[in-house]
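Dear colleague,

My findings follow directly after it.

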Amino acid sequence: MGSDPWEYSLRAFKIAESADFRGHRFFDHRLSLTVPTAVAYKLFGVNIYTTNLLPLISSLLIIITVWLALPDGKGRMIGTIFCLTSVPLFKSSVELRPDIIAGAFMALSFYLLLLRNRITRHKRGITAICLPIVSVTLLFIAFLAKLSAYWIAPLWVWAFINDLKSDRKAVLLRCFYGPALITGICLASGYLLFCKLIWNDPFARLKAVQALTGVHLWSWDKASSLAILKRLTISPVGLLVRQYGVPIIVLAFLAPLVASKPVMPWALYALSCLFFFWFGSTSYTRYEPMPLLDRMTLPVLPAFIILAAHLTSRFSVTSGRPAWINSTIPVLLVIAVNGFSFAQHLKTWKGKDLPEAEAISIVQQETEKNPEKQFLLICSDLRSPESLAFYFGYRYPENLRVLSFGELTQAFDQTSYVFVFINRNCSRFLEEAYGKRHFDTEIDALSLPIVFSSGSIVLFRTDDKKNIARLIDSALQAQKK
């Protein structure tokens with residue numbers, strides 16, 4: 001499991017176990033990610049399925065929003081296919097991160113905003129009032145996942161200004177904007193009070209984000225002027241093309257030329273998201289652009305697909321064939337081109353467990369089959385003893401002790417069954433990013449028996465007393481350096 005997803009998973013587990021929200025890192029404040037995952041853990045236990053349940057639901061919400069936003073059946077069918085063949089949507093549906101959650105709830109909230117005239121014109125009372133309440137609540141959920149929910153705030157301002165010019169101004173103010181404002185005030189007040197009670201500071205989240213200024217792994221403070229110039233000009237173009245593919249990008253940008261009235265606001269949605277991603281800052285005290293990471297652009301994904309699907313649905317060729325064939329041929333061609341990149345991704349994606357999970361499953365099987373025996377799992381890096389607990393539901397069995405190579409002492413001389421675990425990618429990352437020491441080289445030099453090896457993951461196992469003694473001696477020598 002990646003570093004960030006594991007952090008969120010661990011915090012969700014602590015919430016599930018003891019309602020422990022404490023902590024002052026930004027991971028602790030993404031409540032619409034950790035709390036639903038905690039509920040899933042409480043109900044169904046800790047596993048890869050409950051961990052990725054929320055991202056999957058968020059991806060399905062995006063598909064539903066795309067379907068609802070498109071005005072006709074043909075466009076909806078094409079939009080659904082675009083979603084199902086979207087590499088970024090697929091990738092984000094199987095990883096516990098906040099971006100897909102924020103993107104899903106932002107898009108659905110905006111869709112409800114666009115319904116305000118239709119609902120208030122035909123319905124009154126509780127039905128009409130529920131619309132703004134739900135819309136604001138969805139946006140609040142997006143905000144709890146990630147602060148980038150503010151990217152669509154200009155669209156609310158745009159809608160409000162337009163409605164002030166409408167002959168239905170009084171109705172909209174009373175039935176939509178009034179309830180929306182009250183809902184927003186209530187949710188904001190409740191959230192600030194919650195932060196005060198849990199973190200002793202109503203603005204704890206803002207301070208946690210601000211504390212990262214200049215210390216991000218991707219911080220721009222040491223970047224050259226040329227690098228920053230590229231970041232604010234051409235680099236995002238390359239990122240978007242790589243992430244979404246040329247067909248979707250071209251179709252989305254051409255769609256406003258022919259977009260119908262129900263679809264045109266999604267062009268403004270895309271423009272607003274792109275503007276804040278391109279030029280926005282992650283800091284309040286100095287200008288620090290967002291990193292060029294694929295997941296950072298996910299809020300714009302629904303708008304891109306809606307626009308691309310709408311334009312594609314209007315394609316047709318002129319020939320002597322039946323009309324349905326003339327309109328279907330270009331649609332199939334565009335879908336085939338877009339689906340090619342998805343097929344290429346599937347070829348490289350492994351539908352089986354990650355090598356890390358496969359390696360640890362060997363340890364699990366041994367400890368379960370031999371409950372009367374004591375096992376020791378030694379990790380070459382400092383993080384793995386804590387992160388590998390995920391595969392045991394964050395509760396190591398009583399007959400298994402897990403520690404890092406640097407914690408080995410002579411007290412483990414009597415240990416009979418020893419596993420040694422190396423994650424070379426993790427070791428390299430921790431060393432390069434944080435300067436944390438690992439012991440991959442020292443362990444490799446011992447030439448212990450290998451029971452599993454795949455990619456960067458290696459698992460050794462030994463019950464030989466001489467090997468165990470050599471292992472401990474090597475650890476003691478390494479600790480002296």
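In strand β3, Phe 419 is the bridge partner of Leu 377. Leu 377 belongs to strand β1, residues 375-379, and β1 runs parallel to β3 (residues 417-423), with 5 bridges joining them. Strands here are DSSP runs of E with at least two residues, and helices are runs of H or I with at least four, numbered from the N terminus; two strands pair if DSSP finds at least two bridges between them.

This is a predicted model, in which local features need pLDDT of at least 70 and side-chain atom pairs count only at pLDDT 80 or more, while totals for chains, interfaces and linings use all residues. Residues are numbered from 1 along each chain as its sequence is written, and side-chain values use heavy atoms, with hydrogens and water left out.

Strand β1 is also joined to β2 (residues 400-404) by 5 bridges, again in parallel. Cys 379 stands opposite Ser 404 of β2.

In β1, 5 of the 5 residues are buried, that is, under 20% relative accessible area with a 1.4 Å probe, counting protein chains only. Phe 375, Leu 377 and Cys 379 point one way, and Leu 376 and Ile 378 the other. In a regular strand the side chains alternate between the two faces of the sheet.

As for the whole chain, it has 23 helices and 5 strands. Its C-alpha trace spans about 85 × 65 × 50 Å along the principal axes, and 51% of its 481 residues are buried.

With kind regards

Conventions. Buried means under 20% relative accessible area, exposed over 50%, partly exposed in between (1.4 Å probe, protein chains only).
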